[in-house]
Amino acid sequence: MNNIREPNEAAAAFIEALRQSQCAVALTGAGVSTGSGIPDFRGPSGLYSKISPRTFEIDFFLSCPAEYYKIAVEHIHPLADKKPNAAHLMLAKLEQSGLLKALITQNIDGLHYKAGSQNVIEFHGDVIRFFCMECDKPFDRMYIDRTLRKNSIPKCDVCGGLIRPGIVFFGDPIPLEALYTARKFAMQADLFIALGSSLEVNPAASLALDAYRSGTRLMIINRGPTCLDSAAADRYEVDLTVFSETVMRVI
């Protein structure tokens, strides 16, 4: 395993690997969005230090929707107001340059789209969209926030069904289209890059393992260890913001 810690050296090796690749695919986790002021989940100051992991369980939402939305207004909905950082912008530029074929994200903040990435697979949904659990009518955040200001649980204005966020809760199935497309790209890739992810949450993390088992070159860029470090051909322990800014100056 090639373990590089110096951003300039890592950026040069990263770009060279991309240029040698015919089909590079990236998987991003919470570490990509920390530069936008979004906490990760499990770190010392992470989201789970402020709210219970149970908040993201479908059973909690269904049994306590008012409690969920109370938490969401403070800790989850504001993710949609954040701005892309250097890592998001770098990945968008790599796609625009033809060096990155697809981007799979575990994040729900929608920042890859804001940064300009087009071929994005949101594996866990997003915080921007909402829909009725009975009739599937879509709703936007404005409607949800307006309803919550009245201290009401958001209900559909057509059928009265409970409105839920478009995120994938623990206990929810991964949307079939996202699952199929992500697996297709993971198996087609000759370079699979995991950025800002500890690779602990499945099935998203298993995509990296599937790619590795199929003979794909696995590259991991993360602060801190991951579950697949021993499988990586390249491992960069770098500050993602500095690394991303360096890459953008070179490509």
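**Close-up views of a predicted model**

**View 1. Helix α8 and the glycine that follows it.** Helix α8 is followed by G215, which has a positive phi near 95 degrees. Helices here are DSSP runs of H or I with at least four residues, strands are runs of E with at least two, and both are numbered from the N terminus. The model is predicted, so local features need pLDDT of at least 70 and side-chain atom pairs count only at pLDDT 80 or more, while totals for chains, interfaces and linings use all residues. Residues are numbered from 1 along each chain as its sequence is written, and side-chain values use heavy atoms, with hydrogens and water left out. The buried residues of α8 are A204, A205, S206, L207, A208 and A211; buried means under 20% relative accessible area, exposed over 50% and partly exposed in between, with a 1.4 Å probe and protein chains only. These buried residues pack against β2, β3 (102-105), α7, β8 and β9, where contact means heavy atoms within 4.5 Å.

**View 2. Helices α7 and α8 side by side.** Helix α7 (residues 176-188) packs against α8 at an angle of about 30 degrees, and their axes are 8 Å apart. α7 is therefore roughly parallel to α8 (under 35 degrees counts as roughly parallel, over 145 as roughly antiparallel, 65 to 115 as roughly perpendicular and the rest as oblique). Axes are lines fitted to C-alpha atoms, for helices over the stretch in contact, and angles run from 0 to 180 degrees between N-to-C directions. At the meeting place, A182, R183, A186 and M187 of α7 face L207, D210 and A211 of α8.

**View 3. Strand β8 and its neighbours.** Strand β8 (residues 191-195) is mostly covered, with five of its five residues buried. L191, I193 and L195 lie on one side, F192 and A194 on the other, and all are buried. β8 pairs in the parallel sense with strand β2 (residues 24-28) over five bridges, and A24 stands opposite L191. β8 also pairs in the parallel sense with strand β9 (residues 217-221), again over five bridges; here A194 stands opposite I220. Two strands count as paired if DSSP finds at least two bridges between them. Together, β8, helix α8 (residues 204-213) and β9 make a right-handed β-α-β unit, meaning that, with the strands pointing away from the viewer, the path from the first strand over the helix to the second runs clockwise.

View 4. Three strands form an open antiparallel sheet in the order β6-β5-β7. Its edge strands are β6 (138-140) and β7 (163-167), each pairing on one side only. From one strand to the next, the twist averages 40 degrees. Four bridges join β5 (residues 125-132) to β7, and F131 has R164 as its bridge partner in β7. Helix α3 (residues 65-75) lies across β5 and β7, running at about 50 degrees to β7. Helix α6 (residues 141-149) lies across β5, β6 and β7, at about 70 degrees to β6.

View 5. Not counting residues up to four places away in sequence, H112 touches T28, V32, H88, L91, L103, T105, S117 and V120.
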